[in-house]
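My plan is to go from the whole chain down to single residues.

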Amino acid sequence: MPSLYDTNTLRAIEARELARLTPLALMQRAAAALTDALTDLARARPARSPILSLIGPGNNGADGRVAAERLRQSGVRVVVHDAVLVPPAITDGHLVIDAAYGTGFRGEWEPPQVGDIPVLAVDIPSGVDAAT
């Protein structure tokens, strides 16, 4: 079972990794892990049903953007939505990738209503305080 870390531990791990890797290399690793996790789900979806990716402006969004591109390169239909401009409801997808905001987000964000569509958060559901 994967380990869960509190915010301070996660930031310490990221700092340690950034001391030995470039930010781009770390982002590519995160995107590769996300893409790997989505491969089976992507193949099981109905042919015309897209995977939707909610992309924010920070590192979490960058991870999601690279993962979306990797999925596209493997033949998966991906629709990217800017987290700031996302419609209030999404009804036409097989899966939603929540890469809107990560552990550094401060403020409030109203996610779209997705009904029964499963949501996979890149690191933490957007808008949730990672310290709680």
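Before I place any residue, I need one term: strands are DSSP runs of E with at least two residues, numbered from the N terminus. With that settled, I looked up Pro112 and found it in the loop between strand 3 and strand 4. I also note that this is a predicted model.

**Entry 1: the whole chain**

I listed the elements next. The protein has three helices and four strands. I read their order from the N terminus as α-α-β-α-β-β-β.

How much of the protein counts as buried? I found 37% of the 132 residues. The exposed surface comes to about 8,100 Å², and carbon and sulfur atoms supply 55% of it.

I then turned to contacts between residues at least 6 apart in sequence. Of these, 70% join residues at least 24 apart.

**Entry 2: the cores**

I searched for nonpolar cores. The largest one has 13 residues. Among those with the most contacts inside it are Leu34, Leu38, Ile51 and Leu71. Val76, Val78 and Ile97 are also on that list. Which elements supply at least two residues each? I noted helix 2 (23-44), strand 1 (51-55), helix 3 (59-73) and strand 3 (95-99).

Val78 is in contact with Ile51, Ser53, Ala68, Leu71 and Arg72.

I also found a second, separate core of eleven residues. Leu54, Ala83, Ile90 and Ile117 are included in that second core.

I looked up Asn60 and found it in helix 3. Is Asn60 buried or exposed? Asn60 counts as buried because its relative accessibility is 7%, and the cut-off for buried is under 20%. Leaving out residues up to four places away in sequence, I listed what Asn60 touches: Asp98, Ala99, Ala100, Tyr101, Gly102, Val122 and Asp123.

Ala62 is in helix 3 as well. With 22% relative accessibility, Ala62 counts as partly exposed. I compared its place with that of Ser49. Ala62 and Ser49 are 13 residues apart in sequence, and their C-alpha atoms are 23 Å apart in space.

**Entry 3: residues in loops**

I went to the loop between strand 2 (78-82) and strand 3, where His94 is found. His94 counts as partly exposed, at 23% relative accessibility. I checked Ser49 again, this time against His94. These two are 45 residues apart along the chain, yet 5.6 Å separates their C-alpha atoms.

Next I took the loop between strand 3 and strand 4 (119-121), where I found Gly107. Gly107 is exposed, with a relative accessible area of 54%. Its C-alpha atom is 9.4 Å from that of Asp129, 22 residues apart along the chain.

Last, I came back to Pro112. Is Pro112 buried or exposed? Its relative accessible area is 8%, so Pro112 is buried. What is Pro112 in contact with, leaving aside its neighbours within four places in sequence? I listed Leu54, Val86, Pro87, Pro88, Ala89 and Ile90.

Terms used: Residues are numbered from 1 along each chain as its sequence is written. This is a predicted model: local features need pLDDT of at least 70, side-chain atom pairs count only at pLDDT 80 or more; totals for chains, interfaces and linings use all residues. Side-chain values use heavy atoms; hydrogens and water are left out. Buried means under 20% relative accessible area, exposed over 50%, partly exposed in between (1.4 Å probe, protein chains only). Contact means heavy atoms within 4.5 Å. Accessible areas come from the Shrake-Rupley method with a 1.4 Å probe; for residues, only the protein chains shown count as cover. A nonpolar core is a set of buried Ala, Val, Leu, Ile, Met, Phe, Trp, Tyr and Cys residues joined through side-chain atoms within 4.5 Å.
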